[in-house]
Every structure is written in C-alpha cells, then in structure tokens.
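This report concerns a single protein model.

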Amino acid sequence: MPSSVDVNEKVEILAEALPYIRRFRNKTIVIKYGGNAMTEEALKQGFAKDVVLLRLVGMNPVIVHGGGPQINNMLKRVGKEGVFIQGMRVTDAETMDIVEMTLGGLINKEIVNLINRHGGQAVGLTGKDGMFIRAKKMLIKDKENAGKWINLGQVGEIEHIDPTLIKLLDARDFIPVIAPIGVGEEGESYNINADLVAGHLAETLQAEKLILLTNTPGVLDKAGNLLTGLTASRVDELFADGTISGGMLPKIGSAVSAVKNGVKSCHIIDGRVQHALLLEILTDAGVGTLIKSEE
C-alpha cells in the first residue's frame with residue numbers, strides 16, 4: 001500500500017492541475033515535436049501519453065513534427081550527404097523525395113501509431129492533404145555577395161495555411177499530426193522548417209499556446225543561465241546582441257511572430273525531460289522559457 005505521504009502528494013498534484021484543465025479546456029495548443037523526444041524510446045512513449053491526456057481532459061493538441069536526424073540517416077543509406085546553407089537544408093529533387101518519404105511516411109505514421117496505441121485518435125497529414133499548406137520557393141540572401149540570393153532547391157516558405165481541415169479534425173476529437181511539407185501552385189512539394197510551420201499554424205488557429213520542444217532547457221543568456229520569462233521586445237534585443245543565434249533563430253523567430261499575432265503565449269521547453277508537456281501545461285512551476293506579448 002502507498003504511504004500517506006505518497007497519497008497526499010498525488011492528491012496535491014491532481015488538485016494543482018484542476019485550474020489549468022478548466023482554463024485550457026476547448027483551447028488549441030500547437031506543439032512542435034522534435035529533438036531527443038523523437039528519438040529516445042521512453043521520451044517518445046511519454047510524449048504520446050501526454051498528448052492523449054491533454055485531449056481527454058478537453059484540450060485540442062495539434063502536433064507539428066520535424067525529423068532532421070532521421071532524414072540525414074536516410075540520405076546516408078542512399079549514399080547522399082546532407083548539405084546546409086545558413087542552417088537550411090539544400091533540397092534537390094532527389095533529396096525532396098527522401099524528405100517526403102521520411103517525414104510524411106515513416107516518422108509521421110510512427111507518431112500517429114504511438115498516440116493511437118495510448119488511447120488517442122491521431123490522424124497524420126502533410127500540407128499536401130487538402131492543399132492546406134500553400135508554399136512557394138524560398139530564396140535566402142547571400143551573406144558573402146551583397147544583392148545576390150541563394151536558391152536552396154525545394155525549400156519553401158509559407159504563403160497560406162487553410163485551417164479548415166485541422167478545425168474539422170479537432171471538432172471530431174481527432175489529434176492532427178502534421179509533417180512540414182507544403183505544396184506549390186503546380187503541385188510541387190516543398191520542405192519547410194517545422195518551427196516555422198508550427199508558429200504559422202498557431203497564428204492561423206489563434207492558439208492558446210505554442211509549445212516548442214528542444215534539446216536545451218530553454219532560451220539561455222550568454223552565461224548559460226535560463227531565461228524564464230521574456231517579452232517579444234526583449235527577445236528582439238537578444239537577437240540584436242547575438243545572445244540568440246544559430247539553430248535557435250528560426251525557433252525563437254517563429255515564437256515571437258506567434259505572440260505578436262494573437263497566440264497567447266509560447267513556451268520553449270526541454271524535450272529531454274520526461275513528461276515535459278504536462279509539467280508545462282498542468283503545473284504551477286512549468287519548465288523552460290515563456291515568451292509573451294508586451295501586455
């Protein structure tokens with residue numbers, strides 16, 4: 001039998017969750033799923049259970065996933081090396097086929113299966129389904145040659161997201177699981193940064209929260225200390241002084257854009273922590289870095 005201390009602790013935890021369940025019931029929470037949480041078996045199982053619990057208590061989780069390491073592994077298997085420019089994957093036609101197969105097939109269906117095995121009703125999608133993520137070719141500025149642009153191949157930027165399909169699934173208690181692949185005017189596929197898709201989707205759905213799982217505790221200052229609460233303007237300052245750089249730029253950029261455009265809050269959390277989602281959403285302490293608008 002559990003001791004009275006164990007029982008009391010469990011009761012306090014459940015009671016602590018109640019106001020958050022009430023507050024976020026029927027609210028949309030967009031979750032970018034990536035990093036170690038996608039590759040370590042215990043974390044994968046924990047994530048799936050967390051998502052199902054959120055759905056069962058009345059929240060509307062929407063999952064957008066990445067898959068960079070898995071794509072790299074698949075490229076190596078066919079004798080192809082991944083090439084990156086300014087942190088963006090150069091995506092020729094052959095690479096796009098592998099990206100689409102890996103993201104829209106292997107990874108997406110694994111996540112769907114995990115959630116379903118734990119009692120949820122997940123549906124896997126790419127932006128080509130119903131053409132709900134419309135995209136165009138992305139060109140980036142050449143830092144070494146002023147006025148010139150770099151063609152990354154089939155790397156896309158979002159033109160428009162149609163929320164109809166996602167809202168329909170939410171209304172029927174399904175959990176959308178989205179691979180970040182967009183579609184162009186001629187039906188061509190585009191590889192899109194998953195953080196950007198999650199942020200844009202959160203804006204389109206006017207989500208209560210955008211949650212980005214990472215392999216760091218959150219946003220760190222130059223001394224390596226966790227910054228727990230940031231406004232959009234403070235984040236702009238951290239961009240300017242170089243505190244936020246490298247791979248965190250698109251992630252934090254999408255977070256700032258989201259809170260500036262109607263999303264109530266964004267949370268950068270450590271996906272290496274077991275049940276990080278529940279800790280962030282259903283407890284007083286939370287984990288990681290909160291980003292909010294100026295109000």
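The sections below take these topics in turn.

## Basis of the model

The model is predicted; local features require pLDDT of at least 70, side-chain atom pairs count only at pLDDT 80 or more, and totals for chains, interfaces and linings use all residues. Residues are numbered from 1 along each chain as its sequence is written, and side-chain values use heavy atoms, with hydrogens and water left out.

Helices (H or I, at least four residues) and strands (E, at least two) are DSSP runs, numbered from the N terminus.

## Aromatic pairs

Rings of Phe, Tyr and Trp (its six-membered ring) are paired if their centres lie within 6.5 Å, and the planes count as stacked under 30 degrees apart, edge-to-face over 60 and tilted for the rest. Tyrosine 20 and phenylalanine 24 are four residues apart in helix H1 (residues 4–24), and therefore separated by about one helical turn. Tyrosine 20 counts as buried because its relative accessibility is 18%, and phenylalanine 24 counts as buried at 2%. Here, buried means under 20% relative accessible area, exposed over 50%, and partly exposed in between (1.4 Å probe, protein chains only).

The other pair, tyrosine 33 and phenylalanine 47, is also stacked, at 3.8 Å centre to centre with 5 degrees between the planes. This pair links distant parts of the chain, 14 residues apart: tyrosine 33 belongs to strand S1 (residues 28–33) and phenylalanine 47 to helix H2 (residues 41–56). Both tyrosine 33 and phenylalanine 47 are buried.

## Cavities

Two cavities of 30 Å³ or more are present. On a 1 Å grid over the protein atoms alone, a cavity is a set of points where a 1.4 Å probe fits but cannot get out, and lining residues have an atom within 4 Å of a point. Grid points are joined across faces, edges and corners, and a volume is the space filled by probe spheres set on the points.

The largest cavity has a volume of about 70 Å³; its lining includes Phe47, Asp50, Leu213 and His275. H2 and helix H9 (276–282) are the elements that give two or more residues to this lining, and H2 gives the most, with four residues. By class, the lining has seven nonpolar, four polar and one charged residues. Ala, Val, Leu, Ile, Met, Phe, Trp, Tyr, Cys and Pro count as nonpolar, Asp, Glu, Lys and Arg as charged, and the others, Gly among them, as polar. The second largest cavity, of about 40 Å³, has Tyr33, Lys44 and Glu110 among its lining residues. Helix H4 (residues 93–117) gives the most to that lining, with four residues.

Helix H8 (residues 248–260) has 13 residues and reaches 18 Å from its first C-alpha to its last, close to the 18 Å expected at 1.5 Å a residue. The expected span is 1.5 Å times one less than the number of residues. Among the buried residues of H8 are Met248, Lys251 and Val259. Glycine 262, which follows H8, has a positive phi near 110 degrees.

Most residues other than glycine have a negative phi. Methionine 131, not a glycine, has a positive phi of about 50 degrees; methionine 131 lies in the loop between strand S5 (122–126) and strand S6 (133–141). Aspartate 173 has a positive phi near 70 degrees and lies in the loop between helix H5 (164–171) and strand S8 (175–179). Methionine 131 is partly exposed at 37% relative accessible area, and aspartate 173 is partly exposed at 40%.

Terms used
1 Å grid on protein atoms, 1.4 Å probe; cavity = no way out; pocket = protein on both sides within 12 Å on 5 of 7 lines; lining within 4 Å.
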